[in-house]
Amino acid sequence: MSGKEGPGGFRKRKHDNFPHNQRREGKDVSSSSPVMLAFKSFQQELDARHDKYERLVKLSRDITVESKRTIFLLHRITSAPDMEEILTESEMKLDGVRQKILQVAQELSGEDMHQFHRAVTTGLQEYVEAVSFQHFIKTRSLISVEEINKQLTFTTEDSGKESKTPPSDGQDKQLVTWRLKITPVDYLLGVADLTGELMRMCINSVGNGDIDTPFEVSQFLRQVYDGFSFIGNTGPYEVSKKLYTLKQSLAKVENACYALKVRGSEIPKHMLADVFSVKTEMIDQEESIS
């Protein structure tokens, strides 16, 4: 063992000889120095950015919850006697979701949205899913991203925060316009999630004796699947990942349509939903094994 090695055979480092209970003598940096003032401004800026990020995360959670409730409400259409009543109630719920999105637009005013996109993407995808589901029930077609963005343009009265001189009582209040644009990725991911809701709608409608809806949903899902297939691996990773789930939903709907076409006259209408649910479970088990 050399003299430079310790008792355990490890080589000593230079700072091991420095007494740990003593500090190096140095001058304290003045709090009024330009360096400290610069770092303090950096700290305030980062704290404000982190606080805004947390507020956006909370708003995104609220948007997600309210959008899911709207989707659950829309699923009741397959068994409800009055479809217009549910559509009206769903529109009221979506208006409440848009008020949350207005708060997101106000938070992102003057900011680069891409810096905060991760905080709000989950809620925006869920909103796209809810809006597109409602639009499909009404028109049997897919809503475009331009139509969604038109609904996300808000006009509010200036509360005095935007201008330094608040308007007097006799003066007309100024109107402020807020906009939030859904990104193409959020739109595609929301539409991909829509296919799962349409598959559930197809199975539920069959159980209630509706034979036309499964074939309409099947034709629509084929068009959506063809569109996603054109994107392929050239799009974002999340899009190609959800393409597999979209294919599964299409296969379940096509199996339901096949059973209706081939064995629809053999199976009573009130038993069709049970037959489809058993087939769906068998498909899921085969896919999990493979």
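The legends below walk through several close-up views of one predicted protein model.

In this predicted model, local features need pLDDT of at least 70 and side-chain atom pairs count only at pLDDT 80 or more, while totals for chains, interfaces and linings use all residues. Residues are numbered from 1 along each chain as its sequence is written, and side-chain values use heavy atoms, with hydrogens and water left out.

**View 1. The whole chain, for orientation.** Eight helices and two strands make up the secondary structure of the protein chain. Here helices (H or I, at least four residues) and strands (E, at least two) are DSSP runs, numbered from the N terminus. The protein chain has 290 residues, of which 36% count as buried. Throughout these legends, buried means under 20% relative accessible area, exposed over 50%, and partly exposed in between (1.4 Å probe, protein chains only).

View 2. Side chains of opposite charge can pair when their charged atoms come close. The rule for a salt bridge is a side-chain nitrogen of Lys or Arg within 4 Å of a carboxyl oxygen of Asp or Glu, and the count by this rule comes to 14. One of them joins K52 and E111, at 3.1 Å from N to O. K52 belongs to helix α1 and E111 to the loop between α2 and α3, so this pair ties together parts 59 residues apart in sequence. K52 is buried at 14% relative accessibility, whereas E111 is partly exposed at 30%. While you are at this loop, look for Q115, which also sits between α2 and α3 (117–139). The C-alpha atoms of Q115 and Y53 are 9.2 Å apart, although 62 residues separate the two along the chain. Q115 counts as partly exposed, with 48% relative accessibility.

View 3. Four residues, E91, D95, R98 and K138, are linked here in a network of salt bridges. Within this group, the side chains of E91 and K138 meet at 3.9 Å, N to O. Because E91 lies in helix α2 and K138 in helix α3, the pair ties together parts that are 47 residues apart in sequence. Both partners are partly exposed: E91 has a relative accessible area of 25%, and K138 has 48%.

View 4. About one helical turn separates the two, because they are three residues apart in helix α5 (residues 184–207). R200 is partly exposed at 42% relative accessible area, while E197 is buried at 12%.

View 5. Patches are made of residues with over 30% relative accessible area and no salt bridge, with like charges joined within 9 Å and nonpolar side chains (Val, Leu, Ile, Met, Phe, Trp, Tyr) within 5 Å. D82, E84, E85 and E89 form the negative patch. Among them, E85 is placed in helix α2 (residues 83–107) and is exposed, at 53% relative accessible area. The nonpolar patch consists of V35, F39 and F42, which together have about 330 Å² of accessible area, as given by the Shrake-Rupley method with a 1.4 Å probe. V35 lies in helix α1 (residues 34–74).

**View 6. The antiparallel strands β1 and β2.** Strand β1 (residues 153–157) pairs with β2 in the antiparallel sense over five bridges; two strands count as paired if DSSP finds at least two bridges between them. T155 has T177 of β2 as its bridge partner. T153, found in strand β1, is 24 residues from T177 in sequence and 7.0 Å from it in space, C-alpha to C-alpha. T153 is partly exposed, with a relative accessible area of 34%. Strand β2 (residues 175–179) shows V176 and W178 on its covered face, and L175, T177 and R179 on the uncovered one.

**View 7. A positive phi angle at R140.** R140 is a residue other than glycine with a positive phi, near 55°. You can find R140 in the loop between α3 and α4 (145–151). R140 is partly exposed, at 32% relative accessible area.

Definitions and conventions. Lys and Arg count as positive and Asp and Glu as negative; His and the chain ends are not counted. The place of a charge is taken as NZ of Lys, CZ of Arg, CG of Asp or CD of Glu.
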